[in-house]
Each structure stands twice: as C-alpha cells, then as structure tokens.
Amino acid sequence: MTQTIPHDIEDAAPAAQSGASAKKVFVKTYGCQMNVYDSERMGDALTRDGYQPVDSVEAADLVLINTCHIREKAAEKVYSQLGRLAKLKQQRNEEGGDLMVAVAGCVAQAEGQEIIRRAPVVDVVIGPQTYHRLPDALERARAGESVVETEFPAEDKFDRLPAAAAAAIRGRGVSAFLTVQEGCDKFCTFCVVPYTRGAEVSRPVGKILQEAERLAQAGVREITLLGQNVNAWHGEGGDGREWGLGELVRRLAKIEGLDRIRYTTSHPRDMDDALIEAHRDLPQLMPYLHLPVQSGSDRILKAMNRRHTAEDYIRLVEKIRKARPDIALSGDFIVGFPGETDADFQDTLRLIRDVEYAAAFSFKYSIRPGTPGAGMDGQVDEAVKSARLAELQALISEQTRAFGRGCIGRTVDLLLEKSGRNTGQLVGRSPWLQPVIVDAKAGQIGDIVSVRIMQTGTNSLFAEPVGANGDQPRSEIV
Ligand code: 5AD
Ligand code: SF4
C-alpha cells in the first residue's frame, strides 16, 4: 500500500486550506480517553490534508465516527447514528452534493466489512492501528472503493501520524492526553480490548518525551498518560536500563512547565514498587489512582482471569496509601458476571466498604461476542444485574459525597481549566480530579491557584481563593 504521509511529517508545513473551498470534517467520538486522543490525532492528519474541523454533521463533507465496542450499548449507538447519516447522504445526493462517512475505532476493528454490509452509507472502515492510512483510504473511497483497513500492520501509526500544531494544542486547553501504551495481553474473560486494540505495545521513551515537551511548550500544564494497561508500559530508558512507568514519570516530571502528571488505566498486577515510590516522591504526580478491581469475590476474579485475589488488592491499596497517604482511589466494577451469586456480590460491596473510593464506574456485565465470558454458564438475569448495579452505585455515590465533604475547609491547588457557567467564575481541577468552581478572571486559565474548599455541589465543589500568604480567604469574592 502507498503511504500518503511521509515519515518526517512532524515539521512539514500544514496544508490546511481556508475559506469556503476547504473540505469540512465533523468528528464524533465515543468511548474512552484513548479514543479522544486518537480523534485528535486523526483530526490533525486531516487538517494537514486540507480539512477544516466543523461542529455539526450538517456543515460537514466528511463525518468520522470514532467508536467504542466495550459494551453492547456503546456498539449499538453507532448503527443508530449511521441510520441518520444515510438519510442525510440521500438528501445531499438528491441536491447534487455528497457526504462521506468513515467509521474508526473498536467497532470498526471488531466488525470490519460487516459495518458496510449493515450500513452501506459507510465509505471507510478503519481500525485503531491503521489511522495513519486514513487520508489514503479517503482518497480511495472518493475514487469509488469501499475501504476496510483493519489489519495490525508492523509500522507504528504514531510515527506516521503528524504531531499537532502548537495552535491546535493550545485550542485544546491546559490539560492534554498522551498515549504511551496501547493494547492488552491480559485477556480478562469479559473484555474485547485484546481483540480490538491488539497486543500490548509500549511507545519508546524518546517519542513520549518529545511529545510531552511539545505539549509543555504549547502551554499544557497537565498530562494524562494513557494506556489500556498503562502501568505495564516499559521501555529502554535514557540510562540504558529498562524503565517502567515509575521511571518514565520521574523523567517526565523534569520537563519545565509540566506541573501535573496523571495516568490511566492501571492493572493491579502491574502496580510495581518503582511506581508506588514515584507517588511517594513526586509532587507532580497527582494523588489520584484509577485502579479497577471489577469484583470483590475471589471466585469471580478467577473466572474473570484477573489473576489476583480481593486480599491482594486490599494489601496493594494499603501499600500505596502508606507511600502517599492523601491518594484518592477510583475503580471499575462489573456486576452480574456469569456465575455471580448474591454472596459474590456481597463480597464486592464489602471490598468497596474496605477501600473507600473517591469515585467509581460500574457496569452490568455485557456479553461481548468472541470473548470467553460470552460462552460461560450461569449468565445472570438482567433484572438481578440492574438491582445489583443500583445497590453498588448507591454505595459508591455515598463514598464520593463523603470524599467531597472531607475536602471542606482544606486548602488545595487548583489548575484553572475553563470558564464556569457564571461570568467571573472558572472551573479547575483539584489534585483529586474533582471539578471545583471558583471566582477568577478568564486570563487566569492555565494558572495553578491556591483555594479553600467551602461547599460541595451535585457534581462539583465550590471554593474561594486564598491570599498570597496562603491563609487569608478573600471571602468578599464568593
Ligand atoms: N461488560 C461490562 N463491563 C465491561 N467492561 C469491560 N468489558 C465489559 C463487559 N463485557 C468495563 C470494565 C473495564 C471498563 C473499561 O469497562 O469494568 O474496566
Ligand atoms: Fe480488558 Fe482486562 Fe486488558 Fe483491562 S486488563 S483491557 S479489562 S483484558
């Protein structure tokens, strides 16, 4: 296949056209943060190819849908969207115009050709490992071909996708994602990721540092390192030794201007001592850890192929909290995995009570075709799943509220990210990822300010600024 993007694209001049002649692309992203990052990278490639981003389907010549396959509901959303697009395309054709539709992401990878069979409106199906071929695929589709690109090629897409221009980075705000690892070799029995994203691959240190430096130079103050198994990241370090994520974070913390580092998502088995020590030592590494456990029952953990027990997880949490006492934990939970009894579910609730989470995401088990869980006996009734989910979510909500209440009266650093709903207010993030609303000027976006948490709201906290000496709340501002 011919490549339209050269290797050394990074510093090539952008080819974006302006004005009415530019082709217009609307990108719709479903799913996880990695899809958000991938959409940005594809958007950057399309901008270089002459496209202008627009924010509605109606204004677009090309609609790119980046899809998620993790649960059935997420995957089905794509088809209802494609139904609407088919109508729009027909209308355009009647008016003598056209509309191109490309489906990217994990549904594209999992279903390939089947998407075009079910939804002939689609011109291009492109899996997560072939995004660098998107401009070429669109070119072929324009010539009348239905393009399906879903192999796992040997070349690295990141080497071939153009880096964002500084202006594009600035437009995305002061907090940015950076993919460092992709794919998974763990094969939890409920999960499609090893099939849709492929085997675990770590990006090399040099590339990660280069991208992080670019982000910092463009004004980014916080990066979130992304990977399906981010703490399994490994690579050859600058010192010739093999590094894990802990060493990588230590090196990233030296980059001027990068004041906050986060990472997600971690597997308990890859939480090694070097990473825990990084939490102990580095003020830049935020005291927040998303550490999914999925279930608190050893029987279910085994059936899920998680390869650790509930006790292992609790001991690990204790160790992490010893190193960084103010760390907040979040998790993922699945209720109604095949064979889950009420006693298993009670074990999960007990683990949640033991750990005390600041936040958590919870889901009803969803059968994913091709995974071992799909063929297991003891599929749980939908009504039972719903009841368990409601009970689990009530417990987690109470813990989240308690965590918020525990912040009242504390002085914390806030990274101011965007305007609030009311003029004169900005929204920032606490070190524990909570959105916090405070009175501040628009020019302060990107500043890290000291605030005192005063009150909790439904989804955010309210704070007042703290004077330069750190202990003088200017109460007239609130
Ligand atoms: N059913 C329900 N939840 C799932 N997850 C992954 N696969 C499934 C599935 N088949 C959840 C897990 C994972 C999160 C990203 O999605 O909790 O950590
Ligand atoms: Fe899926 Fe398990 Fe891999 Fe996470 S660790 S991506 S849940 S297979």
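1. In this predicted model, Leu 415 has Arg 429 as its bridge partner in strand 18. The two strands concerned, strand 17 (residues 411-419) and strand 18 (residues 425-429), run antiparallel and are joined by four bridges. The hairpin that they form has five residues between the strands, and Gly 424 takes a positive phi near 85° there.

2. Strand 18 also pairs with strand 19 (residues 435-439), in the antiparallel sense and over five bridges. Here the bridge partner of Gln 425 is Asp 439, in strand 19. The hairpin of strand 18 and strand 19 has five residues between the strands, and in this hairpin Leu 433 takes a positive phi near 70°. As a general point for reading such strands, the side chains of a regular strand alternate between the two faces of the sheet.

3. Arg 307 is not a glycine, yet its phi is positive, at about 60°. Arg 307 is found in the loop between helix 12 (298-303) and helix 13. With a relative accessible area of 45%, Arg 307 is partly exposed. Glu 356, also not a glycine, has a positive phi of about 60°. The loop that holds Glu 356 lies between helix 14 (342-355) and strand 16 (359-364). Is Glu 356 buried or exposed? Glu 356 counts as exposed because its relative accessibility is 55%, and the cut-off for that class is over 50%.

4. Thr 265 has its place in the loop between strand 13 (260-264) and helix 11 (273-281).

5. Which residues have the most contacts inside the largest nonpolar core? They are Ile 223, Leu 225, Leu 252 and Tyr 357, in a core of 59 residues. Helix 13 (residues 310-323) gives the most to this core, namely seven residues. Apart from this core lies another, of 26 residues, among them Tyr 30, Val 78, Leu 88 and Ala 119.

6. The surroundings of Leu 225 may be examined individually. When residues up to four places away in sequence are not counted, Leu 225 touches residues including Leu 178, Val 180, Val 230, Leu 245, Val 249 and Leu 252.

7. Ala 328 has its place in strand 15 (residues 328-335). Ala 328 counts as buried because its relative accessibility is 1%, the limit for buried being under 20%. Ala 328 and Pro 287 stand 41 residues apart in sequence, and their C-alpha atoms are 6.1 Å apart in space. Neighbours within four places in sequence aside, Ala 328 is in contact with Pro 287, Tyr 288, Leu 289, Ala 358, Phe 403 and Trp 432.

8. The second largest pocket has a volume of about 440 Å³. Its lining consists of 21 residues, and Glu 40, Gly 43, Asp 44, Pro 53 and Arg 172 lie nearest the centre of the pocket. Strand 1 (23-29), helix 1 (33-48) and strand 2 (51-53) each supply at least two lining residues. Helix 1 gives the most, with seven residues. By class, eleven residues of the lining are nonpolar, five are polar and five are charged.

Key:
Residues are numbered from 1 along each chain as its sequence is written. Chains are lettered from A and ligands numbered from 1 in the order in which they are written. This is a predicted model: local features need pLDDT of at least 70, side-chain atom pairs count only at pLDDT 80 or more; totals for chains, interfaces and linings use all residues. Side-chain values use heavy atoms; hydrogens and water are left out. On a 1 Å grid over the protein atoms alone, a cavity is a set of points where a 1.4 Å probe fits but cannot get out, and a pocket is an open set with protein on both sides within 12 Å along at least five of seven lines; lining residues have an atom within 4 Å of a point. Grid points are joined across faces, edges and corners, and a volume is the space filled by probe spheres set on the points. Ala, Val, Leu, Ile, Met, Phe, Trp, Tyr, Cys and Pro count as nonpolar, Asp, Glu, Lys and Arg as charged, and the others, Gly among them, as polar. A nonpolar core is a set of buried Ala, Val, Leu, Ile, Met, Phe, Trp, Tyr and Cys residues joined through side-chain atoms within 4.5 Å. Buried means under 20% relative accessible area, exposed over 50%, partly exposed in between (1.4 Å probe, protein chains only). Contact means heavy atoms within 4.5 Å. Two strands pair if DSSP finds at least two bridges between them.
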